[in-house]
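Reader: I am new to this structure. Please take me through a single part of it, closely and step by step.

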Amino acid sequence: MTTPPALLIAGHGTRDEAGAEAFRDFVRELGRRHPELPVAGGFIELSPPPLGDAVTELVERGVKRFAAVPLMLVSAGHAKGDIPAALARERERHPGISYTYGRPLGPHPSLLRVLERRLDEALASTVRTPSDRADVTVLLVGRGSTDPDANAEVLKAARLLWEGRGYAGVETAFVSLAAPDVPSGLDRCMKLGARRIVVLPYFLFTGILPDRVRQQTQGWAEAHPEVEVVSADVIGPAEELLDLVMERYREAVAGDIRMNCDSCVYRIALPGFEDKVGIPQQPHFHPDDDGHHHSHGHHHGSHAHSH
């Protein structure tokens with residue numbers, strides 16, 4: 001009987017210890033649910049363990065083949081460049097290993113159901129029937145990126161969340177690196193006539209940025225008492241998320257990767273980003289990596305996400 005490839009979970013990283021521990025708990029839960037698979041997880045930056053340590057852990061457990069799944073909602077710089085380059089580096093560090101690379105998580109229908117549930121939880125005391133949703137405007141807040149393709153994915157999620165669910169509208173904002181920011185997004189909702197707004201963080205786990213979203217929402221609400229504003233929770237370690245990671249794992253193992261590259265700045269010349277086309281991708285060195293000497297020019301190749 002052929003041993004299935006191991007599962008490697010690649011996380012972004014956060015300076016918030018509770019958020020980092022939520023990721024580590026999630027990886028442990030996947031391991032408990034799938035005892036037939038070696039499961040490990042690591043971060044690209046900010047939090048231990050670094051991704052390289054997770055690969056080493058698998059190798060020390062006798063793993064030769066693994067499938068890497070980015071635990072990320074959108075395909076931005078980490079998923080498109082840092083993780084593939086880091087995996088290529090690990091293949092040089094550990095001769096004889098092989099891997100396949102999965103795609104990011106969203107916007108997947110199962111995650112949209114979780115987002116809808118988070119909205120229902122936030123509105124539990126005031127929205128009792130589907131028709132009540134017609135008075136609710138949602139502001140979906142993403143991380144924000146310098147990659148326009150990644151930001152566009154948040155708008156895609158917002159549109160899919162709006163379709164068929166009866167909300168007055170679903171607008172978008174970003175907490176960093178992209179416009180509109182949270183206060184500007186709330187301003188837009190109000191100008192569109194919203195009198196009841198739910199701010200919905202498009203994040204997997206708690207952390208510095210989701211906390212910032214909640215703080216900015218509270219500040220805006222205090223300045224606009226005429227508008228009812230509530231904050232919803234992050235996606236969290238929902239059953240749907242656990243199942244989706246395994247779906248992405250099975251896709252990667254089977255070679256059924258449907259990465260969306262139609263508007264990727266590394267392949268297509270988008271206005272203002274023409275200089276990114278074809279540039280080599282380099283691994284993002286985690287500060288806890290062994291041998292981190294700030295030499296960023298050795299292990300790189302062409303843009304490596306799969307089709």
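What is the order of the strands in the open sheet of four strands that holds E1, and is the pairing parallel or antiparallel?

Author: Bear in mind that this is a predicted model. The order is E2-E1-E3-E4, and the pairing is parallel. The sheet is open and has four strands. Strands E2 and E4 stand at its edges. Each has a single partner strand, so one side of each is left without a neighbour in the sheet. On average, neighbouring strands are turned by 25° against each other, direction ignored.

Now the helices that touch this sheet. Helix H2 packs on it and touches E1, E2 and E3. The direction of H2 makes about 160° with that of E2. Helix H8, residues 239-254, lies across E1, E3 and E4. H8 runs at about 130° to E3.

Next, the pairing itself. In general, strands of a sheet pair through backbone hydrogen bonds, either parallel or antiparallel. Here E1 and E3 pair in the parallel sense over five bridges. Across that pairing, Ala10 stands opposite Pro70 in E3. E3 also pairs with E4, again in the parallel sense, over four bridges. Phe66 stands opposite Tyr99 in E4. Ala67 has Thr100 as its bridge partner in E4.

Stay with E3 for a moment. Five of its six residues are buried, so E3 is largely enclosed by the rest of the structure.

Phe43 in strand E2 links to Phe23 in helix H1, residues 17-33. The two are 20 residues apart, and their pair joins distant parts of the chain. A pair of aromatic rings is described by the distance of the centres and the angle of the planes. For Phe23 and Phe43, the centres are 4.3 Å apart and the planes make 45°, a tilted pair. Phe23 is buried, and Phe43 is buried too. The structure holds three aromatic pairs, and this is one of them.

Leu46 sits in the loop between strand E2, residues 39-43, and H2. Its phi is near 75°, a positive value in a residue other than glycine. The relative accessibility of Leu46 is 32%, so Leu46 counts as partly exposed.

Helix H3 belongs in this picture as well. What covers its buried residues includes strand E1, helix H2, strand E3, strand E4 and H5. Twelve of the 17 residues of H3 are buried, so H3 is largely enclosed by the rest of the structure. Among the buried ones are His78, Lys80, Asp82, Arg89 and Glu90. Ile83, Pro84 and Leu87 are buried too.

H3 covers residues 77-93. At 1.5 Å a residue, its 17 residues should span 24 Å, and its end C-alpha atoms are 23 Å apart, which agrees. H3 bends by about 25° at Ile83. A proline, Pro84, follows within four residues.

A cis peptide bond joins Gly106 and Pro107, with omega about -5°.

Val141 has Ala173 as its bridge partner in E6.

How values were computed:
Residues numbered from 1 in each chain as written. Predicted model: local features only at pLDDT ≥ 70, side-chain atom pairs only at ≥ 80, totals over all residues. Heavy atoms only, no water. Pairing = 2+ DSSP bridges. Expected span 1.5 Å × (residues − 1). Bend = angle between axes of the 7 residues up to and from the residue. Buried < 20%, exposed > 50% of the residue type's maximum accessible area, 1.4 Å probe, protein only. Contact = heavy atoms within 4.5 Å. Phe/Tyr/Trp six-rings, centres within 6.5 Å; stacked < 30°, edge-to-face > 60°. Axes fitted to C-alpha atoms, helices over the stretch in contact; angles between N-to-C directions.
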